[in-house]
Amino acid sequence: MGIYNVFDVSASALTANRFWLEAISNNMANSAATRTPDGGPYQRQVPVFQTLLDEATGQLKGVQVVGTHKDGTPGPLVYKPGHPDADANGFVRMPNVNVVTEMVDMISVQRAYDSNVTIANAAKNMHQKSLEIGR
C-alpha cells in the first residue's frame, strides 16, 4: 500500500465516522418520538458500510457509506394513559432507541475517528520526512 493510499483510506474512514455520528445524534434526538410520517414510533437508524477494493490489485481503497438500515426491534411499551398515541389500555409504543447504547456507539466512533486522524498525521509526517532525505 502506497503512502497516498493511506490518505485515501483514512479520509474515507473519517467520512464514514462522521456519517455514523450523525446517525447517532439523529437517533438520540428522536428517542422520544412516538409518531413519525411513516406511522408508529421512530426506529433506530444504523449505518451500513462497504469496503472499497482496488479491482486490479485487490488492495483496500477505503470504506463508503451505502445507506442506513432501520433497526426492526420493537420499542418498549410504556404506560401513559393521557398520551395522544396511547392504545385502549393506556400503553404507548416508544422508539427502540437506547440512549446508553447510542452513547457507547458514540465513544467507539470517536475512538475510531481519533485513530484515523493519528494514522493520517503519521502518514503525513512520513511523507514530509521522505522529502527531507534529498536535502
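Two strands are taken to pair if DSSP finds at least two bridges between them. In the predicted model described here, strand β1 (residues 45–53) and strand β2 (residues 60–70) meet this criterion, pairing in the antiparallel sense over nine bridges. Within this pairing, V48 stands opposite G67 of β2. Six residues separate the strands of the β1–β2 hairpin, and G58 adopts a positive phi near 80° there.

Seven salt bridges are present in the structure. R35 forms one of them with D85, with a distance of 2.4 Å between the closest N and O atoms. This pair links distant parts of the chain, 50 residues apart: R35 belongs to the loop between α1 (3–29) and β1, and D85 to the loop between β3 (77–79) and β4. R35 is exposed, at 56% relative accessible area, whereas D85 is partly exposed, at 25%.

A network of salt bridges links R44, D71, E102 and D105. The closest N and O atoms of R44 and D71 are 3.9 Å apart. Because R44 lies in the loop between α1 and β1 and D71 in the loop between β2 and β3, this pair ties together parts that are 27 residues apart in sequence. R44 also forms a salt bridge with D105 (2.8 Å, N to O). D105 lies in helix α2 (residues 99–132), so its pairing with R44 ties together parts that are 61 residues apart in sequence. R44 and D71 are both buried, and D105 is likewise buried.

F91 is located in strand β4 (residues 91–93) and is partly exposed, with a relative accessible area of 33%.

Methods: Residues are numbered from 1 along each chain as its sequence is written. This is a predicted model: local features need pLDDT of at least 70, side-chain atom pairs count only at pLDDT 80 or more; totals for chains, interfaces and linings use all residues. Side-chain values use heavy atoms; hydrogens and water are left out. Helices (H or I, at least four residues) and strands (E, at least two) are DSSP runs, numbered from the N terminus. Buried means under 20% relative accessible area, exposed over 50%, partly exposed in between (1.4 Å probe, protein chains only). A salt bridge is a side-chain nitrogen of Lys or Arg within 4 Å of a carboxyl oxygen of Asp or Glu.
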